[in-house]
Amino acid sequence: MSSVLIVGGGVAGIQAALDLAEQGIDVYIVDKAPSVGGKMAYLDKTFPTLDCASCILAPKMAALLRYPNIKLIMNSEVQDVSGRAGNFKVKILKKPTYVDWSKCNGCGVCTEKCPTKVPNEYNMGLSQRRAIYIMFPQAVPKRAIIDAEHCMRLNPPPKAKEKAKGPLCGVCERNCPTKAIRYDQQPEILELNVSAVIVATGMELYDPRNLPELGYGKYQNVYTNLEFERLVSATGPTNGEIVRKSDGKHPKKIAWIQCVGSRDIRFNHYCSAYCCMAATKQAILAKEHLPEVQCTVYYMDIRAFGKGFNEFLERAKKEFGINYIRGKVVRIDEIPETKNLKIVYEDTAESYMKADEYDMVVLSVAITPNSKLPLPVELTKDGFIQLKDPYLDPVSTTVEGIFVVGAVAGAKDIPDSVTEASAAAARAALIAKRFSCPTPEVVK
Ligand SMILES: Cc1cc2nc3c(=O)[nH]c(=O)nc-3n(C[C@H](O)[C@H](O)[C@H](O)COP(=O)(O)OP(=O)(O)OC[C@H]3O[C@@H](n4cnc5c(N)ncnc54)[C@H](O)[C@@H]3O)c2cc1C
């Protein structure tokens with residue numbers, strides 16, 4: 001049986017891998033992160049059902065390990081793809097983790113002993129991790145990785161290096177019970193032959209510092225929605241307690257600002273598709289955590305297009321008292337004494353300039369596609385991967401045998417991403433099976 005390469009192990013890539021593996025097809029998942037999971041692994045709950053995100057995702061991630069025909073190639077990126085459907089040649093750069101993953105058992109002793117603390121990306125910099133770390137507690141594979149930039153041994157500060165007689169630190173090596181630390185690990189190039197490729201590299205979030213009038217990065221109590229997702233999560237930096245960065249107090253009034261970087265001809269003209277429901281979800285979660293908090297969503301128009309979305313919105317308004325204002329936020333000013341935030345906005349329903357004060361603001365930021373890949377596929381003018389036919393063939397790229405799923409094909413939520421993943425897996429399986437069959441001459 002021939003094999004399929006999946007680039008990106010977010011929820012879309014995971015679903016495609018499981019569908020293919022179930023049919024007996026060999027699957028390689030290449031992900032640049034040390035764990036699969038993608039953005040869904042950062043979420044607390046999911047709209048519109050408010051199911052716990054990791055309770056849905058973690059079993060799927062763990063299932064990858066149960067299939068001997070799924071190979072996870074983590075901390076790696078595709079460097080080149082050549083050939084054609086049925087016979088693609090792929091070069092992969094496997095970056096060093098400085099830990100022998102065949103020996104590491106994910107016990108985490110190294111991560112407790114390491115003396116160097118740096119901002120934790122998984123908690124969006126709202127907490128710290130060590131220079132050797134496991135990406136998050138439910139990581140798959142659950143393996144430690146050394147962040148070479150911050151490791152005292154691999155990248156010692158010049159003065160300390162001068163003073164030291166021998167190599168610095170080495171705490172993780174001394175404490176690792178399975179002797180898995182490999183400071184001398186080098187990058188590797190892997191070469192694979194696959195029948196089909198599924199691109200599932202998902203999305204990044206737009207940097208709201210490009211809109212300085214909103215004060216992100218300048219005012220402590222202005223957050224992105226992914227930061228809020230970590231803040232409200234039980235596995236997050238405050239164990240789920242919603243507190244302000246400036247003083248550690250619970251906010252009494254929180255505002256969500258929609259379409260930050262989306263539907264704006266200066267930045268991205270497309271709708272990011274997930275944010276109206278994500279803000280509604282987050283406002284409900286805030287009310288569940290802090291029943292007294294007042295929540296307001298500033299929107300251009302609410303897009304509640306999916307199954308159960310409109311009912312979710314109605315529930316937010318009626319059951320939780322979430323306030324929705326059709327308004328365009330012009331700027332946010334910080335009140336220096338309290339670190340509260342004054343939102344100046346045009347109430348577009350009344351055509352009137354207004355202002356209101358909040359003690360926390362959450363920006364619903366646009367998504368941008370992770371599509372800068374060394375693949376022969378075409379891109380749309382917005383940078384998403386071009387579909388062959390968005391109506392009748394919505395998972396095929398313009399290259400036969402290369403499929404695309406999830407947010408890198410266009411902004412979308414989890415249900416649409418996994419639906420596409422199953423569709424692409426079915427299409428890729430056809431190619432893999434066709435090219436694994438013996439030709440008639442061989443049969444004779
Ligand atoms: C704040 C927020 C809240 C949200 N809430 C919800 C919700 O409640 N419900 C819902 O349905 N949706 C929600 N979404 C949307 C949801 O996160 C996306 O629909 C989903 O993550 C898309 O999955 P994906 O697999 O396509 O991409 P991603 O989750 O982005 O995964 C992509 C994977 O590809 C990897 N990758 C990227 N580039 C490369 C590369 N060059 N090489 C190798 N690997 C690469 C990444 O490391 C990652 O593992 C939310 C999004 C945000 C930002």
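Seven strands form an open sheet, ordered 15-21-16-17-18-19-20, with mixed pairing. The model is predicted: local features need pLDDT of at least 70, side-chain atom pairs count only at pLDDT 80 or more, and totals for chains, interfaces and linings use all residues. Residue numbers start from 1 along each chain as its sequence is written. Helices (H or I, at least four residues) and strands (E, at least two) are DSSP runs, numbered from the N terminus. Two strands pair if DSSP finds at least two bridges between them.

- Strand 15 (222-224) and strand 20 (352-358) are the edge strands, each pairing on one side only.
- From one strand to the next, the twist averages 35°; axes are lines fitted to C-alpha atoms, for helices over the stretch in contact, and angles run from 0 to 180 degrees between N-to-C directions.
- Eight bridges link strand 18 (residues 323-335) and strand 19 (residues 340-347) in the antiparallel sense.
- Opposite Glu-334 stands Leu-341 in strand 19.
- Helix 7 (residues 275-289) lies across strand 16 (253-260), strand 17 (294-299) and strand 21 (360-365), and runs at about 170° to strand 16.

- Three strands form an open antiparallel sheet in the order 6-7-12.
- Strand 7 (residues 87-94) runs antiparallel to strand 12, joined to it by seven bridges.
- Lys-94 is found opposite Glu-188 in strand 12.

**Helix 2**

- The 14 residues of helix 2 (residues 53-66) should span 20 Å at 1.5 Å a residue, and the end C-alpha atoms are 21 Å apart, which agrees; the expected span is 1.5 Å times one less than the number of residues.
- Ala-53, Ser-54, Leu-57, Met-61 and Leu-64 are buried (20 or more other C-beta atoms within 10 Å of the residue's own, with C-beta atoms placed from the backbone; exposed means 12 or fewer, and partly exposed is in between).
- Seen down the axis, the buried residues of helix 2 fall within an arc of 80°, so they line one face of the helix; the arc is that of the directions from the helix axis to the C-beta atoms.
- Cys-55, Pro-59, Ala-62 and Arg-66 are exposed on the other side of helix 2.
- The cover over the buried residues includes helix 1 (11-22) and strand 5 (70-73), where contact means C-beta atoms, placed from the backbone, within 7 Å.

**Helix 1 and helix 9**

- Helix 1 packs with helix 9 (residues 414-436) at an angle of about 35°, their axes 8 Å apart.

Terms used. Contact = placed C-beta atoms within 7 Å.
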